[in-house]
Amino acid sequence: FIPIKMYHLLNKQKIKYSEAYQELESILQKLQSEEIQVDDILININRAKELLQFCQEALRKINDEIEN
């Protein structure tokens with residue numbers, strides 16, 4: 001889990017697709033199992049959105065490289 005103020009650092013740090021995907025799956029499992037506290041729901045949803053955008057962009061770049 002990374003605090004809110006570090007969200008914008010995701011693009012600046014060297015995170016691997018597999019790490020982002022694994023964290024996204026972990027957040028999803030927490031939300032589905034209801035093992036997350038109410039206060040942390042929004043934080044985790046925002047983190048999941050950022051991770052999803054990161055993963056989509058990574059896949060888009062790979063697709064662009066394959067097509068060119």
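Does Tyr 17 count as buried, partly exposed or exposed? Select Tyr 17 to start. Its relative accessibility is 33%, so Tyr 17 counts as partly exposed. Keep in mind throughout that this is a predicted model.

**The whole chain**

Zoom out before going further. The protein has two helices and zero strands. Of its 68 residues, 25% are buried. Taking contacts between residues at least 6 apart in sequence, 77% join residues at least 24 apart. Now show the surface.

**Helix α1: the tyrosine pair**

Select helix α1, residues 17-33. Tyr 17 and Tyr 21 both sit in this helix, four residues apart, which is about one turn. Show both side chains. The two rings form a stacked aromatic pair. Their centres are 6.1 Å apart, and the planes make an angle of 20°. The pair counts as stacked because planes under 30 degrees apart fall in that class.

Tyr 21 has a relative accessible area of 41%, so Tyr 21 is partly exposed.

**Across to the nonpolar patch**

Which helix gives the most to the patch? That is α2, with three residues. Both α1 and α2 supply at least two residues each.

Centre on Leu 59, which lies in helix α2. Its relative accessible area is 45%, so Leu 59 is partly exposed. Leu 59 has 45%, Tyr 21 has 41% and Tyr 17 has 33%.

Is Asn 44 buried or exposed? The relative accessible area of Asn 44 is 4%, so Asn 44 is buried. The cut-off for buried is under 20%.

Now display the backbone of Asp 40. What lies 2.8 Å from its backbone oxygen? A polar atom of the Asn 44 side chain is there. Draw that distance as the last stop of the tour.

Notes
Residues numbered from 1 in each chain as written. Predicted model: local features only at pLDDT ≥ 70, side-chain atom pairs only at ≥ 80, totals over all residues. Heavy atoms only, no water. Buried < 20%, exposed > 50% of the residue type's maximum accessible area, 1.4 Å probe, protein only. Polar contact = N/O pair within 3.5 Å; in protein donor to acceptor, adjacent residues only side chain to side chain. Phe/Tyr/Trp six-rings, centres within 6.5 Å; stacked < 30°, edge-to-face > 60°. Contact = heavy atoms within 4.5 Å.
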